[in-house]
Amino acid sequence: MTRHLFYPVVALTAALAACATAPPPNSALEQARQRVKSAQADSRVVSLAPLELKRAEQALLLAEKTWAADGSPAVVDHQAYMAGQRVTLAQETAASLADQAVTASAAAERDRMRLASRTAEADTAQRRLSESERSNAQKSSEIVAAQAKSDRDMATAQAQSDRNLAAAQAQSDRNQQEAQAQQARVDSLESLLAELSAKKTERGVVVTLGDVLFQSGRSDLNAGADRQMAKLTDALRRDPGQRASIEGFTDSVGSDESNRELSGRRANAVMKALIDLGVPAQTLRTASRGEDAPVASNDTAQGRQMNRRVEIVISQARP
């Protein structure tokens, strides 16, 4: 109980003592205190303008000391005013630094975005360059392959052309040789036919075998006919494409019927002699003309001998 009564007495005594020594209020100083307090509560001022805030607190402390020492009110007002100005400076410094930070951040973001944009553009350009290089490489490869194929085709075509030219030249040489051989055969044949007194007619080359071939009324060849048969055989065998029609004639001795039959036997006798000498049978045929188309008068023995003849018509086989 005694302790509870002791504390209120002490507090009252202290309050009375304080009322007796505290200076009167100063509005300028009070306003300066409020401004300093507000600045101390502003985290931006505390963090960004600590030096300016410290100077404001010192200015306020100076004003309070002056006011507590019963200094001149005008001096206290001025010091309080200076404390307020220090607060204003601290606040403006903090605001400026904050704005600068915002500006720096914005600039950094702008630079980052610009860098990102340029990086993207560079990536796009690099990608296009890579695609262009790949495309060019592929086209170059295709051109090289096409050129190689063209070279191979040209080489193949040239080789084929050379083979064709060589084959054509060989064929031309063979044709020329064949033509020369053919011309030689023709020349030789014409020489033989000239020896046989052959004549060229519309029916073909006609060789007349007469004079000593047959006796009157007979169809067997005289011995003197062998030389002519050999020449005729040689002429027929030189050209496998030749065909011969052996036509028999007679003089006017005997009947027409007997003469036609006799002329047939004479033609067959010549054909048999030719076959025996090597002329292919399929290239020969016979015909009996009888006493038609005499070449001499039958009134004389010499004329009748000439009419006892055989004509061989030589022609080329039809294709």
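In the predicted model, Ser219 counts as buried, because its relative accessibility is 18% and the term buried applies under 20%. This serine is placed in the loop that runs between strand S2 (204-209) and helix H6 (226-237). When neighbours within four places in sequence are set aside, the contacts of Ser219 are Phe214, Leu262, Arg265, Arg266 and Ala269. Across the protein chain, 26% of the 319 residues count as buried, and Ser219 belongs to this buried class.

The secondary structure of the protein chain consists of eight helices and five strands. Read from the N terminus, the order of these elements is α-α-α-α-α-β-β-α-β-α-β-α-β. The radius of gyration of the chain is 75 Å, whereas the globule rule gives 20 Å for 319 residues; the computed value is well over that figure, and the chain is therefore more spread out than a compact globule. The extent of the C-alpha trace along its principal axes is about 210 × 45 × 25 Å. With regard to contacts between residues at least 6 apart in sequence, 71% join residues that are at least 24 apart.

Helix H5 covers residues 73-195. Ser197 follows H5 and has a positive phi, near 60 degrees.

Helix H5 also contributes to the lining of a pocket. The largest pocket in the model has a volume of about 300 Å³. It is lined by 17 residues, of which Leu189, Glu190, Leu193, Val205 and Gln242 are the closest to the pocket centre. At least two lining residues are supplied by each of three elements, namely helix H5, strand S1 (199-201) and strand S5 (310-316). The contribution of H5 is the greatest, at seven residues. In terms of residue class, the lining of this pocket comprises seven nonpolar, four polar and six charged residues.

How values were computed: Residues numbered from 1 in each chain as written. Predicted model: local features only at pLDDT ≥ 70, side-chain atom pairs only at ≥ 80, totals over all residues. Heavy atoms only, no water. 1 Å grid on protein atoms, 1.4 Å probe; cavity = no way out; pocket = protein on both sides within 12 Å on 5 of 7 lines; lining within 4 Å. Points joined across faces, edges and corners; volume = space filled by probe spheres on them. Helix = DSSP H or I, 4+ residues; strand = E, 2+ residues; numbered from the N terminus. Nonpolar A, V, L, I, M, F, W, Y, C, P; charged D, E, K, R; others polar. Buried < 20%, exposed > 50% of the residue type's maximum accessible area, 1.4 Å probe, protein only. Contact = heavy atoms within 4.5 Å. Rg over C-alpha atoms; globule rule 2.2 N^0.38 Å.
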